[in-house]
Amino acid sequence: MPRVNYRSHEVDEMARLMRAEAEGEGKQGMLYVGNVIVNRAVATCLDFKDVRSIHDVIFQIQGGNYSFEAVQKGNVFYQRARTSERRLAIKNLNYWRNHPAKYALWYFNPTEPGCPPTWYDQPFSGQFKEHCFYEPKPGTCDSVYRG
């Protein structure tokens, strides 16, 4: 049973976003980005109460902008989903989760070395290459730990 229900076009959207956001960090980096996408779809808390599908997560607008830089800048659309990224997306959708993004709802690539201890007041959960990952404070989003 998948972590979240999905349709074929959502696999393509997710694969394209994973590639656009983390291609330079290899398969592992793309899988971590996929963790965040799926975690947002299963979270029923904070900024993610009203996003229930992968499509909703990818095209969510927060603070007047799309949540993901690749969607804001349009580079999520530059390339078709390749078979390899589709496989990674399906792996995330069905079961794959791992630290530091296992329960993360946010990530970013800082302009300076190192990751701040919090991001929008949420605790740092770890770093992979250039991306810093953050999970919700304890007791604020139990659904992300179950989903």
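I call a residue buried under 20% relative accessible area, exposed over 50% and partly exposed in between, using a 1.4 Å probe and protein chains only. The model is predicted, so I took local features at pLDDT of at least 70 and side-chain atom pairs at pLDDT 80 or more, while totals for chains, interfaces and linings use all residues. Residues are numbered from 1 along each chain as its sequence is written, and side-chain values use heavy atoms, without hydrogens or water.

**Entry 1: Q60.** I found Q60 in the loop between α3 (54–58) and β1 (61–62). Helices (H or I, at least four residues) and strands (E, at least two) are DSSP runs numbered from the N terminus. Q60 has a relative accessible area of 10%, so I logged Q60 as buried. I then looked up contacts, meaning heavy atoms within 4.5 Å. Leaving out residues up to four places away in sequence, Q60 touches D47, F48, V51, N65, Y66 and S67.

**Entry 2: nonpolar core.** I counted buried Ala, Val, Leu, Ile, Met, Phe, Trp, Tyr and Cys residues joined through side-chain atoms within 4.5 Å as a core. The largest nonpolar core has 43 residues. M14, L17, M18, I37, I54, L105 and F133 have the most contacts inside it. The largest share of this core comes from α2, with 9 residues.

**Entry 3: L17.** Which residues does L17 touch, not counting those up to four places away in sequence? I listed I37, I58, F68, A70, V71 and V76.
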